[in-house]
Amino acid sequence: MSNSRTIKVDALTRVEGEGGLFVRLDGDTVQDVELRIFEPPRLFEALLRGRALEEVPDITARICGICPVAYQMSSVHALEAALDVAISPEIRRLRRLLYCGEWIESHALHVHLLHAPDFLGYASGIDLARDHPDEVKRGLRLKKHGNQLLEVLGGRAIHPINVAVGGFYKAPRRDELSALVADFEWGLEAAVETTRWVAGFDFPDFHRPYEMVAVVHPDEYAMNVGRVTSSLGQSWPTQQYESAFQEEHVPHSTALQSVRKPQGTNYLVGPLARLNLSRERLSPRARLLADELKIESPCVNPFKAIVARGLELVHAFEEALDILRSYQPPQPPRVAYSYRAGEGCAATEAPRGLLYHRYLVDDAGRVTFATIIPPTSQNQRQIEDDLRAYLPQILKGDDQATALGCERLVRSYDPCISCSTHFLKVRFDRG
């Protein structure tokens, strides 16, 4: 008599594309794990070819509604590298402020409404709100303040329109940013409360031998400038990214999976990787909080990514406050440049992890080639590997408990499919 069973997730709902999860078991032995992400064809690279380079930031922003700034800023940095554009320190600081806004709105949503219910036994953020209304209201207000910053600096919260090659189309007035200070002072304290709250969750005893990869800067907690760095001791300038990493097609998914070269191994990007590689560069309040909460270093439990996001919330509010209080409008808000044929690349840190762009442009300012490698692509194979290692710990429960355990692990990555409060509908087929 066969003792095999198959766990199938036919559709991951509210995903940028379509996907599913397939697990084949023989008794307590995991035979196969596939994270099936059926994203629509990645036409953005082809769509950009022949376009004026000034159009690129607004087009790439449409790749993601949750983290459009990351796509915009990665494209802008890469194009500026191709054109040999040097921006002013004031513009660079304003760009970090914009990134703070995106990290805030994305992390606040994920922590409070999408991931916390898993640890507290709720099916959704709505169910959580019935018993924990203060925490949910706090999360919504934190996200609101991140969105407000994006609106002031980017022109609007969804797909900002003020980002330009060379800087910004318009610099905000001092009074527009100073008006946000009081809310961000509240936000800093609320982010500290949030991090203490999630650090007290009951985490599964699950630790992994990760190779962690993130952008690292010697003087700051890297968001959009730095070297691509591995926890195994290697580091590369962005121009060498494709010499160390490559995308591969797998039969069960139309989304490409990234691996390390030449060995073809998995690696981890995201908040946990950033925390482990740059903990000492966190803002003062965030660094003290990490020590107070006794966050291990390195932290290699994927479920504790929610704590890393909390610490990054604190960091983003503290850094944003520093910029808001001392802001001086850049003069001019946008650096002039001339067209020339060239190639440029950039790696920045989206809320979910490292994001890489590379472009070729001609002397008429037209894009002739583009490649974009998002965080979820880089984490897919690691997610499958984590599921394969974690499943033996949760197979003693019934089918529903096993499925929930898989959901919790996948959701800890916030892999651009967590815009739903309950994204897995599971069907079991028994052999």
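**View 1. Glu220 and Arg92 form a salt bridge, with their closest N and O atoms 2.5 Å apart.** A salt bridge here is a side-chain nitrogen of Lys or Arg within 4 Å of a carboxyl oxygen of Asp or Glu. Glu220 lies in the loop between E6 and E7 and Arg92 in helix H4, so the pair ties together parts that are 128 residues apart in sequence. Helices (H or I, at least four residues) and strands (E, at least two) are DSSP runs, numbered from the N terminus. This is a predicted model, in which local features need pLDDT of at least 70 and side-chain atom pairs count only at pLDDT 80 or more, while totals for chains, interfaces and linings use all residues. Residues are numbered from 1 along each chain as its sequence is written, and side-chain values use heavy atoms, with hydrogens and water left out. Glu220 is buried, at a relative accessible area of 14%, whereas Arg92 is partly exposed, at 25%. Buried means under 20% relative accessible area, exposed over 50% and partly exposed in between (1.4 Å probe, protein chains only). A network of salt bridges links Arg92, Arg96, Glu220 and Glu319.

**View 2. Glu242 pairs with Arg358 in another of the 30 salt bridges of the structure.** The closest N and O atoms are 2.4 Å apart. Glu242 is in helix H9 (residues 241-244) and Arg358 in strand E12 (residues 353-361), 116 residues apart. Arg358 is buried, with a relative accessible area of 17%; Glu242 is partly exposed, with 29%.

**View 3. Strand E7 (residues 227-230) pairs with strand E6 (residues 213-216) in the antiparallel sense over 4 bridges.** Strands count as paired if DSSP finds at least two bridges between them. Val216 has Arg227 of E7 as its bridge partner. E7 is also joined to strand E8 (residues 235-236), antiparallel, by 2 bridges, and Val228 has Trp236 of E8 as its partner. The hairpin of E7 and E8 has 4 residues between the strands, and Gly233 takes a positive phi near 100° there.

**View 4. Leu97, Phe184 and Tyr359 touch the most other members of the largest nonpolar core, which has 113 residues.** Such a core is a set of buried Ala, Val, Leu, Ile, Met, Phe, Trp, Tyr and Cys residues joined through side-chain atoms within 4.5 Å. H4 contributes the largest share, 15 residues. Leaving aside residues up to four places away in sequence, Leu97 touches Leu149, Leu153, Leu177, Ala320, Ile323 and Leu324 (contact: heavy atoms within 4.5 Å).
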